[in-house]
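Subject: Structure handover

Hello,

I am passing on the structure we talked about, with notes on what turned up in it. Please read the notes with the coordinates open.

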Amino acid sequence: MLLISCVAYGQADVPAKVSKGIVIDANMLLVIIAVLLLIPLRILSKTFIAAAKRHYLDNINSGPLKVLVPLCFVLINTSLWAQSTTAQATSAVQTTGNAQSWGLLTNTMTIMLLSVIGIELLLIIVFAVRTMDLIQKKSAKELSEDASHDIFSWFKEKWTAMNFKPIEEEYKIDTGHSYDGIRELDNIIPPWFTTAFIITIIFGIGYFYRYQIAKSGPSQIQEYKSAVALAEIQHDEYLKTAANAIDESNVKIMTGADLEEGKKTFQTICAACHRVDGGGQVGPNLTDDYWIHGGALKDLFKTIKYGYPEKGMISWKEQLSPAQMAQAANYILTLHGTNPPNPKEKQGTLYVAEAASSDTTSTTKMKTDTLIKK
Amino acid sequence: MELEKFYYDNKLPKMFAIATITWGTVGMLLGVIAAFQLAFPALNFSQYLPNLSFGRLRPVHTNAVIFAFVGNGIFTAVYYSLPRLLKTSMWSKKLGQIHFWGWQTIIVLAAVTLLSGITTGKEYAELEWPIDILITLIWVVFGLNMFGTILTRRERHLYVAIWFYIASWVTVAMLHIVNSMELPVSLFKSYSWYAGVQDALVQWWYGHNAVAFFLTTPYLGLMYYFLPKAVDRPVYSYRLSIIHFWSLIFIYIWAGPHHLLYTALPEWAQSLGTAFSIMLILPSWGGMLNGLFTLRGAWDKVREDPVLKFFVVAVTAYGMATFEGPMLSLKNVNAISHYSDWTIAHVHVGALGWNGFLTFGMMYWLIPKLFNTKLYSRKMAGTHFWIGTLGIIMYAIPMYWSAFRTYFMMKAFTPEGQLQYQFIDVVQTIVPFYVLRAIGGTIYLTGVILMIYNLWKTAKAGSFVAQEAAEAPALERKYAAPKGSFWHSVIERKPILLLILSLVLVSLGGLFELIPTFLVKSNIPTIASVKPYTPLELQGRDIYIREGCYNCHSQMIRPFRYEVTRYGEYSKAGEFVYDHPFQWGSKRTGPDLAREGGKYPNSWHFNHMYEPTSMSPGSIMPSYPFMFENDLDISTTNSKIHAMRKMGVPYPNGYEAIANDDLKIQADSITANLKNDKINIPSSREIIALIAYLQRLGTDIKVTTATTTTIK
């Protein structure tokens with residue numbers, strides 16, 4: 001299993017190295033940690049089985065159970081053992097699938113590896129705690145018999161030392177301090193506290209190493225670039241399948257529900273500058289015959305889509321979908337001639353649409369407004 | 001050995017306690033008002049007067065709660081516990097009085113200046129330079145009194161609470177002085193000595209550690225005194241105290257850059273911030289463990305005694321907040337939380353839970369002691385406890401919820417590749433959460449009012465004990481430590497050594513992070529097209545700062561696809577080199593403004609500032625009609641340009657003399673442009689300067705992209 005995982009890791013690693021020329025050594029480091037952790041895990045699991053055997057075999061007298069119980073322990077243990085290595089292998093294999101996106105590759109990989117390490121640590125703690133428990137359950141008498149040369153008695157001593165002192169025994173760990181009547185005990189620091197502290201320190205060092213020294217983690221700009229690249233791929237694929245690929249060359253006259261949608265868009269977005277009735281305020285009047293950038297549907301669509309930032313009309317293509325822009329443009333056409341009160345003065349050139357029935361095919365004329373020119 | 005008689009003074013603790021409760025109530029009330037303002041913009045009253053709008057009120061709230069409420073809480077605890085822990089009277093009553101009245105003066109000055117728009121524009125350090133100097137002086141008075149007391153003690157060793165007091169004192173002094181380096185322009189105006197990225201780093205090194213050494217470590221000292229006192233149990237573990245004290249103060253100081261993840265701050269500093277934040281979990285939890293485990297064997301008392309109930313929830317809230325903090329400093333989590341209400345929820349769990357409840361517990365224990373009586377109503381205190389807890393929950397949950405809604409809406413794209421929601425859609429979605437949050441805050445405040453009544457009745461029922469007699473033998477000059485005594489006890493006998501060691505430890509993080517950012521050029525790559533602000537833009541920027549726009553608007557686009565699409569190209573370190581102070585902000589109640597320049601026409605800004613909903617229906621921004629009536633004070637242009645050049649902004653020599661000519665030309669061109677849109681306004685108004693500034697934002701770099709494309 002371990003071998004497979006290593007091989008799988010190697011496979012995952014190579015293409016990334018070749019394609020981007022960046023060494024993924026922080027992940028390698030994690031693999032090494034994961035492998036190294038297997039050693040104490042193995043030892044502890046064996047100790048656990050040994051302790052369990054001692055405990056249960058001493059207390060169980062019936063024959064078959066004597067065989068069954070340790071067997072169970074062995075089974076549980078090996079299955080867990082297998083699980084952790086499998087997880088490691090799959091983590092490495094899975095990442096090969098994402099090799100195209102460098103940022104994802106290392107991220108997924110690292111998360112997988114970290115979770116493997118996490119599981120290993122968890123198992124170590126579980127085994128350690130269970131072993132200690134089993135040892136404690138042995139009667140004091142038994143322990144005193146073989147205290148001198150038994151490794152378990154050493155564990156036992158450590159274990160009791162690692163626990164809360166019962167309140168009756170507190171006097172043993174009283175520091176003798178009394179500050180305005182406040183006494184201080186000298187309880188041990190909980191072992192989980194120390195362990196967790198060490199783990200966070202290792203994490204901290206590892207984190208800094210990964211991002212700043214090995215630079216195997218993506219920088220924020222690399223992350224950004226891969227996010228944009230991914231979005232572009234998705235967008236392209238969407239466009240291939242999407243039916244609503246409307247642009248300024250094929251935008252069509254709409255009616256009914258589309259106009260209602262267009263009205264909504266207009267009122268939430270456009271009305272701020274052009275007024276709800278289209279009479280114009282910051283932006284020009286949209287109800288009269290005069291247009292700065294053309295009054296045909298296609299022109300309107302184009303104006304909305306790309307904007308004329310130098311004149312204050314911003315581009316909406318990042319915020320509105322092509323369908324929404326087409327609906328809004330169609331709605332604006334319906335405002336023509338509504339003559340709202342107190343409109344903005346005319347701007348631009350006179351525009352006359354010839355055949356209003358089908359805007360997309362009509363030939364549109366732009367007449368120079370002599371009034372304005374003169 | 002002869003016993004010496006002396007007295008513990010209760011007068012100063014009482015004064016500080018009253019100040020704590022008073023300012024606490026004021027600060028929380030302002031918080032509730034500010035919370036309601038976000039939901040109901042009419043409450044800004046900015047049509048009538050400029051002083052109460054959210055941008056000015058929010059800094060008063062934060063300053064009041066941090067420096068007035070918690071500050072006085074610290075002093076109450078120190079003036080009560082320090083003499084008792086050292087078996088001596090406070091060194092100087094006179095200095096104590098100066099300290100008390102000096103600090104209250106600072107608070108009043110702070111409130112008045114901030115509401116008048118006098119601010120440095122750096123969060124939690126908004127006070128202008130004369131007040132900064134006053135703070136330094138009063139802080140020194142406090143330190144003198146504290147060390148005078150320590151040096152005249154009758155107790156050989158210093159208790160852990162005092163270690164925390166000492167470390168807090170020296171670190172706050174360091175943070176305050178370094179972050180407040182500013183060049184005065186006039187009596188009420190100064191510019192931060194640092195600019196852009198460096199200013200941001202110094203600011204958050206300060207801001208983060210103000211949380212650490214003002215809101216956390218002194219309150220740990222407070223906990224170490226009042227919690228074992230109230231429960232009458234020995235402190236759980238002396239060696240845990242040692243470990244967590246030293247590791248906490250050393251590691252905390254490094255974590256500041258986690259407030260600037262994904263910004264233009266050099267990434268090595270960001271990584272350091274994250275790494276140390278994670279390491280900070282256990283040192284922080286050491287305090288929680290020592291608090292909670294001290295209650296071991298006394299949980300039956302906790303069920304009965306409201307004081308202990310407050311302490312338990314306070315310590316638990318501390319544990320939660322100090323776990324959440326490191327999680328928030330992980331890059332991927334921070335991407336969600338930064339600029340959102342998550343941060344607000346996080347700090348309020350800390351402030352309402354840890355600082356608030358610890359203070360309330362202390363008061364319920366202390367006031368009956370000071371007045372030699374029993375608490376008027378235990379039941380009422382119990383009710384306060386439940387109301388307060390409910391308030392915290394009602395506050396926090398809507399904010400967490402709002403943060404996630406915000407995140408998912410902000411990053412949502414349609415399949416076509418457009419942003420699915422406008423910023424205003426997000427605002428509209430979270431307004432109901434703002435309402436709920438404000439209700440949560442109101443509930444919490446109700447509890448406080450209940451406490452005031454309870455304590456008032458207690459004080460009435462008892463009689464104030466101005467002095468408590470005590471006696472103890474003087475310390476002998478010579479002292480031989482008993483054989484086999486623990487090495488750390490040497491430090492506990494030598495307060496000056498403890499002070500120096502603390503200072504050395506807390507300096508390290510700052511030195512390692514600040515110095516390279518200042519000295520290594522490559523950290524902030526220069527951009528040739530970035531030019532200093534024009535005089536009008538500079539004046540507009542000062543209006544932006546005066547109105548506290550940074551409280552709701554960031555100027556830092558993070559390199560995320562959804563931010564770049566929404567706001568424009570992500571921000572670069574080199575863009576901020578002339579920003580004294582930086583204005584990156586920490587919360588987006590409104591959209592980012594880093595590339596606001598050129599996005600909308602002048603007339604849009606004009607209408608929007610006059611009545612935000614006219615241009616942006618559903619906006620919760622206050623209106624600023626007074627900017628359309630007030631003339632810009634251009635008498636300051638000269639000294640402002642001069643100060644800027646002193647700090648390295650490359651205005652030509654002698655430019656200050658002609659700066660106002662340029663200012664007028666630019667103002668006139670904006671007015672002319674507005675006239676095209678049927679808007680008539682004199683070019684001397686403040687709004688013109690503000691529009692000039694807003695239209696400049698982020699445009700330097702747009703120029704670069706434009707030129708590079710033409711070259712291609």
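**A hairpin in chain B**

In strand 3 of chain B, B:Ser190 is the residue that stands opposite B:Pro184. Bear in mind throughout that this is a predicted model. The pairing between strand 2 (residues 182–186) of chain B and strand 3 (residues 189–192) of chain B is antiparallel and runs over 4 bridges. With 2 residues between them, strand 2 and strand 3 of chain B make a hairpin.

**Chain B as a whole**

Chain B holds 25 helices and 4 strands. Its C-alpha atoms fill a box of roughly 90 × 50 × 50 Å along the principal axes. How does the radius of gyration of chain B stand against that of a compact globule? For 712 residues, such a globule would have a radius of gyration near 27 Å, and chain B agrees because its value is 27 Å. Of the 712 residues in chain B, 57% are buried. Taking contacts in chain B between residues at least 6 apart in sequence, 84% join residues at least 24 apart.

Where the two domains of chain B touch, 45 residues of domain 1 are in contact with 50 residues of domain 2. On the domain 1 side, at least two residues each are supplied by helix 2, strand 2, strand 3, helix 6, helix 13 (341–370) and helix 15 (423–461) of chain B. By residue class, the domain 1 side divides into 23 nonpolar, 16 polar and 6 charged.

**Cores**

The largest nonpolar core has 225 residues, and B:Phe311, B:Ala314 and B:Met363 touch the most other members. Helix 6 of chain B provides the largest share of this core, 23 residues. Which residues does B:Met363 contact, leaving aside its neighbours within four places in sequence? They are B:Ala17, B:Ile21, B:Met451 and B:Leu455. There is also a second, separate core of 26 residues, which includes A:Leu297 and A:Ile332 from chain A together with B:Trp604 and B:Met615 from chain B.

Chain A has 12 helices and 5 strands. Buried residues come to 29% of the 374 residues of chain A. Among the contacts in chain A with a separation of 6 or more, 68% are between residues 24 or more positions apart.

The contact between the chains takes 46 residues from chain A and 51 residues from chain B. On the chain B side, the elements that give two or more residues are helix 2 (54–86), helix 6 (196–231), helix 7 (238–252), helix 8 (267–279), helix 9 (281–294), helix 19 (561–567) and helix 20 (602–610). Helix 8 of chain B gives the largest share of that side, 9 residues. The chain B side divides into 29 nonpolar, 13 polar and 9 charged residues.

Regards

How values were computed
Residues are numbered from 1 along each chain as its sequence is written. Chains are lettered from A and ligands numbered from 1 in the order in which they are written. This is a predicted model: local features need pLDDT of at least 70, side-chain atom pairs count only at pLDDT 80 or more; totals for chains, interfaces and linings use all residues. Two strands pair if DSSP finds at least two bridges between them. Two residues are in contact if their C-beta atoms, placed from the backbone, lie within 7 Å. Ala, Val, Leu, Ile, Met, Phe, Trp, Tyr, Cys and Pro count as nonpolar, Asp, Glu, Lys and Arg as charged, and the others, Gly among them, as polar. A nonpolar core is a set of buried Ala, Val, Leu, Ile, Met, Phe, Trp, Tyr and Cys residues joined through C-beta atoms within 7 Å. A residue is buried if 20 or more other C-beta atoms lie within 10 Å of its own, exposed if 12 or fewer, and partly exposed in between; C-beta atoms are placed from the backbone. The radius of gyration is taken over C-alpha atoms; the globule rule is 2.2 Å times the number of residues to the power 0.38.
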